[in-house]
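Morning, everyone. Let me put the structure on the screen, and then I'll walk you through it.

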Amino acid sequence: MPGDFAAWTAIALVAAVTLTSRLAGAFLMTRIHHSAAVERFLDGLSVSVLAALVGSALAQHGWREAAAVALAALVMMRAGSAVWALTAGIALAAGWTAAFG
Amino acid sequence: MDTQPPPGRPIILTFAGVLRGGRRLLPVATFVLPFGTAFGVAAAEKGMEVAQILAMSAVVFSGAAQFATLDFWTTPLAFGSLALVALAVNARHIILGAALSPWVNALPPPKRVMALTMLSDANFADSHVAFKSGERDVGYLLGGGLVMWVNWNVGTAIGAFAGSLIGDPAAFGLDVVMVCFFGAIVAAQLKRRTAILPVAVAFAISFGTVDHLPTGWNVILAALAGGLVSVVRRAR
């Protein structure tokens with residue numbers, strides 16, 4: 001277990017790196033010339049990063065998570081409500097755990 | 001030169017926007033409580049002091065970075081490796097910030113910093129859709145982030161003080177909240193035909209490379225590929 005000084009230094013280090021990552025994207029974009037291509041890139045990027053988070057999570061889990069996400073996506077497309085989509089996904093996952101462990 | 005804000009009313013950051021964003025994301029943010037609790041429990045088990053656990057959630061506010069830090073919580077601490085891992089798991093924030101830049105960069109620098117300090121996956125997902133639909137108040141992003149931050153920290157405190165009394169979030173299906181939320185947001189965007197190919201490419205790459213790239217880098221690679229596909233496809 002690290003000593004007090006090392007522990008607080010580590011916390012400060014991780015906080016600094018995390019804050020820098022939050023500020024860096026918008027700052028870097030102030031250095032890039034605006035164009036239609038940049039706009040299309042950002043547009044594609046914004047939806048792609050969410051799709052990538054879903055892909056990465058599903059690759060590390062199983063059918064339970066995949067079924068929950070599929071149901072949530074379906075409910076979102078049909079009902080247009082994120083809260084209903086989440087409720088459906090959570091209910092399916094809870095039911096799956098109760099049924100299959 | 002800044003990326004230009006979309007034409008229309010000026011971009012602002014107001015308290016009313018903060019409240020609107022906070023209210024909108026509250027149902028999702030509530031589900032963050034058990035994950036904050038899980039971090040509090042795991043950190044306490046690693047031997048972190050309560051003050052350190054609470055401070056870490058308050059100033060870092062990144063589940064991925066905080067859980068990764070616990071893997072390095074040994075003596076001596078490997079500060080270089082810790083910084084690199086924190087950068088890797090947080091690098092997607094750079095992409096999120098870049099995607100929000102047309103709105104955020106229209107604000108004066110102090111307000112930019114204020115809004116981006118609370119940037120997370122969830123309030124990005126919610127705000128980006130709202131901004132594209134005509135929301136002009138970046139307070140919406142900040143408000144969503146603040147309710148996430150509060151829930152993350154309350155959850156952490158519960159875990160740090162009373163973690164052993166809490167059950168397993170998976171039994172209640174709570175472990176799938178975030179991935180379901182992202183899946184729902186992506187599904188809503190698929191109504192735009194131009195989003196289908198970037199989504200398919202990003203999903204396939206992140207899914208297929210998760211075992212071959214360091215933590216987090218598969219997401220970055222996939223997101224960049226999706227962005228490039230969007231440029232190439234519509235340029236033709």
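How do the residues of the lining of the largest pocket divide into nonpolar, polar and charged? They come out as 23 nonpolar, 10 polar and 5 charged. Here Ala, Val, Leu, Ile, Met, Phe, Trp, Tyr, Cys and Pro count as nonpolar, Asp, Glu, Lys and Arg as charged, and the others, Gly among them, as polar.

Before going on, the ground rules. This is a predicted model, where local features need pLDDT of at least 70 and side-chain atom pairs count only at pLDDT 80 or more, while totals for chains, interfaces and linings use all residues. Residues are numbered from 1 along each chain as written, chains are lettered from A and ligands numbered from 1 in the order written, and side-chain values use heavy atoms, with hydrogens and water left out.

Back to the pocket. The volume of the largest pocket is about 1300 Å³. Its lining has 38 residues, and the closest to the centre are G63(B), A64(B), R92(B), D121(B) and M178(B). Helix 2 of chain A gives the most to that lining, with 5 residues. On a 1 Å grid over the protein atoms alone, a pocket is an open set of points where a 1.4 Å probe fits, with protein on both sides within 12 Å along at least five of seven lines; lining residues have an atom within 4 Å of a point. Points are joined across faces, edges and corners, and the volume is the space filled by probe spheres set on them.

Next, the interface. In contact (heavy atoms within 4.5 Å) are 68 residues of chain A and 94 residues of chain B. The two chains bury about 6700 Å², 76% of it on carbon and sulfur atoms. That is accessible area (1.4 Å probe) lost on putting the two parts together, summed over both. In chain A, R22(A), R40(A) and L86(A) lose the most area to chain B, together 11% of what that side buries.

Now salt bridges: a side-chain nitrogen of Lys or Arg within 4 Å of a carboxyl oxygen of Asp or Glu. Between chain A and chain B there are 2. In one salt bridge, D43(A) meets R192(B) at 3.1 Å, N to O. Over all chains, the search finds 6. D43(A) lies in helix 2 of chain A and R192(B) in the loop between helix 10 (177-189) and helix 11 (193-209) of chain B, so this pair joins two chains. Helices are DSSP runs (H or I, at least four residues), numbered from the N terminus.

Last, some backbone. Most residues other than glycine have a negative phi, and most peptide bonds are trans. T75(B) and P76(B) are joined by a cis peptide bond, with omega about -5°. F61(B) has a positive phi, near 50°.
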